[in-house]
Amino acid sequence: MDKVAKHVILLVADDVSGRLFSRLYNEGKLPNLKLLGDKGIICDKCVTSYPSITLPTQPNLMTGAYSGYYPKSGSGIPVYHWFDREANPPQYRHYSALHALRQTHEIEDKVKTLFEQIGEGNSYSIVQYCSRGVTKVFPPNKFIAAIFFLFAIVLSKKPENSHKIVTKRLIDVFKNPKRFFGNSKLPKAVTALYFLTDSLMHEYGFDSERYLQSVLDLDVEVGKVIDALQKLGIYDDTIIVFTSDHGNYKAEKAKDLEPFIKSKGLVPFSKKTGKGDFDCSFGSVGFFNFPGTNKNWKLHPTLDELKHFKPTNSQEEINLIEMMFEIEGVKYVYYRGNKNTPENGTIHIRMKDENGNIHNAQIDYNGDTTRYSFEDMDVYRYSEDSNASKLLDGNFHTIEEWLKYTYSVDFPMIPDQLMRYFINPRSCDIMVSTVGTVCYNYEHGETKNDHVYSHDIGLRESMHVPLVIGGSETLLTPRKLEYCKTTDIVPTLVKLLGKEPHPSVKGKSLVN
Ligand SMILES: [Zn+2]
């Protein structure tokens, strides 16, 4: 590339599906994004990470890498709620509310953020907390973040104004860099998270007027950014990216998990006492953690221990893997093989069909490649698709192959994604999925609400997000992509800035 971009702007809207984006875009309701997309790169099947939850999707997007075996590679953040067995004493962690600020400190140093990969120069991050290496971040600490959220969301009669606050700050950084950086150099990279769309989606749904309007409003915000850059005379030196972290779905119903847990005599882990039989967070995808030998939370249980578990309040021993199918709606159950190493191993899959019969399948992995096989039933129905079926050849396949052949079906890239989740020593012991039939909204022993709108499953509606790369017309050749993945964004931006992506990056550049 002869000419390189001087500035990149990465706008992430929380919780906008590829499907909704494509409908609005084709109906002409996103004119500013269309302005970028028509002369740049556009895709409505950009595949995000599985599980399709804000974490790991955001740190993966911001580093171009995945959760992974973090002592050697990967961000180390498995998911939004996880169990930290290395902590003293062991305890669960999450990124709700102000805990979101932890991401920057908790991603492992084997991965590098966008800011670390672009090297010298000013950079700014607005409400985007996977931002290690950035010059300045807003809000800078928990105290100011609390005030910001109090005024922008809680006290404001119209929390939708938060969109405007984010954009205004972004434009101010370009208009008056000295105020933010103490020198007058324009920023090389700015990221911004439009977070409100996610709260509105959970509360009112993707089909509500209020959520839809907030997505349409984002187009207006993009228009303001384009306009400001043109007025400053830097539009042709700038790349603007618009994307999302995950899509969404509506569950058939919400249910309380607490009575079931009680009926089994299982006691939730308590942070206060450090004791308990299990820790779990569960939307439509559930992450169950159990203590190892002698109820030691520092250890993962063996398969045998999972099959012969003695709950605190029960005389009977239970097989936890089998028990999962007694939870209403659970269709898939996943767990690690006994002899797994970070390099080689197996993830066992059990699937319950409509008649209540259980079928076995598995993912084997070898380094960075995975093989999916099954006994009597193809649990992902890849064999019904002429492309996806090509990977049922008994061979190990790369992430690029899984993307290419499964992007358009449900469970895109899932063999690869399950491997990247389960090789992380922080991953859970048993993962289950109702695939959006029943949503439990359960966190650490408590049912939090009865929301039916969520995101976490492997279906396309939750896994596809939009990607628009526009701005500088001299740097981009207009292209409509059939597919790509969210980890391709950072290497693309790094390349456009004339740098080389860090070796930890798993995505690939979408330019040159
Ligand atoms: Zn999100």
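The structure is a predicted model, in which local features require pLDDT of at least 70 and side-chain atom pairs count only at pLDDT 80 or more, while totals for chains, interfaces and linings use all residues. Residues are numbered from 1 along each chain as its sequence is written, and side-chain values use heavy atoms, with hydrogens and water left out.

**View A. Salt bridge between lysine 224 and glutamate 221 in helix H10.** Lysine 224 has a relative accessibility of 34% and therefore counts as partly exposed; buried means under 20% relative accessible area, exposed over 50%, and partly exposed in between (1.4 Å probe, protein chains only). Helices (H or I, at least four residues) and strands (E, at least two) are DSSP runs, numbered from the N terminus.

**View B. Salt bridge between lysine 110 and aspartate 109.** The two side chains meet at 3.9 Å, N to O. Lysine 110 is partly exposed at 37% relative accessibility, and aspartate 109 is also partly exposed, at 48%. Side chains of opposite charge can pair when their charged atoms come close.

**View C. Salt bridge between lysine 495 and glutamate 500.** The closest N and O atoms of this pair are 3.1 Å apart. Lysine 495 counts as partly exposed, at 24% relative accessibility, whereas glutamate 500 is exposed, with a relative accessible area of 58%. Elsewhere, salt bridges that share partners join Asp368, Asp416, Arg420 and Lys506 into one network. A search of the whole structure finds 35 salt bridges.

**View D. Surroundings of glycine 40.** Glycine 40 is placed in the loop between helix H2 (31–38) and strand S2 (41–47). With 1% relative accessibility, glycine 40 counts as buried. Leaving aside residues up to four places away in sequence, glycine 40 touches Ile469, Leu476, Thr477, Pro478 and Arg479, where contact means heavy atoms within 4.5 Å. The C-alpha atoms of glycine 40 and glutamine 103 are separated by 31 Å, the two residues being 63 residues apart along the chain.

Definitions and conventions: A salt bridge is a side-chain nitrogen of Lys or Arg within 4 Å of a carboxyl oxygen of Asp or Glu.
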